[in-house]
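Hi everyone, thanks for coming. Please take a moment to look at the sequence and the model on the screen, and then I'll walk you through a few parts.

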Amino acid sequence: TAYRRQRQMCKETGIAPEIDICLLALEAQGALFTRMSGSGATCFGIFDTNETAQHAADKLAKAILIGG
């Protein structure tokens with residue numbers, strides 16, 4: 001897909017590795033679908049339930065606060 005090609009290009013060229021890290025973190029928490037906003041200011045994930053989404057948000061927020 002175009003998304004996969006774009007993401008691979010970013011990896012290969014080293015463009016904004018933080019974006020890929022963010023998308024991978026969302027996927028690791030169970031996101032069914034991840035994307036970056038058009039301007040690149042936001043990454044988001046779609047989860048199957050509100051509970052799963054909240055659990056992911058809590059876990060990612062904690063990881064950011066403790067630095068990893």
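Helices here are DSSP runs of H or I with at least four residues, strands are runs of E with at least two, and both are numbered from the N terminus. This is a predicted model, where local features need pLDDT of at least 70, side-chain atom pairs count only at pLDDT 80 or more, and totals for chains, interfaces and linings use all residues. Residues are numbered from 1 along each chain as its sequence is written, and side-chain values use heavy atoms, with hydrogens and water left out.

Let's start with helix H3, residues 50–66. After H3 comes Gly-67, with a positive phi near 80°. H3 itself has 17 residues and reaches 24 Å from first C-alpha to last, close to the 24 Å expected at 1.5 Å a residue; that expected span is 1.5 Å times one less than the number of residues.

Now to H2, residues 17–28. Which residues of H2 are buried? They are Asp-20, Leu-23 and Leu-26, where buried means under 20% relative accessible area, exposed over 50%, and partly exposed in between, using a 1.4 Å probe and protein chains only. Looking down the axis of H2, the buried residues fall within an arc of 125°, so they line one face of the helix; the arc is taken from the directions from the helix axis to the C-beta atoms. On the face turned away, you'll find the exposed residues Glu-18, Ile-21 and Ala-28. H2 is followed by Gly-30, whose phi is also positive, near 105°.

Finally, find Ile-46 in strand S2, residues 43–46. Ile-46 counts as partly exposed because its relative accessibility is 43%.
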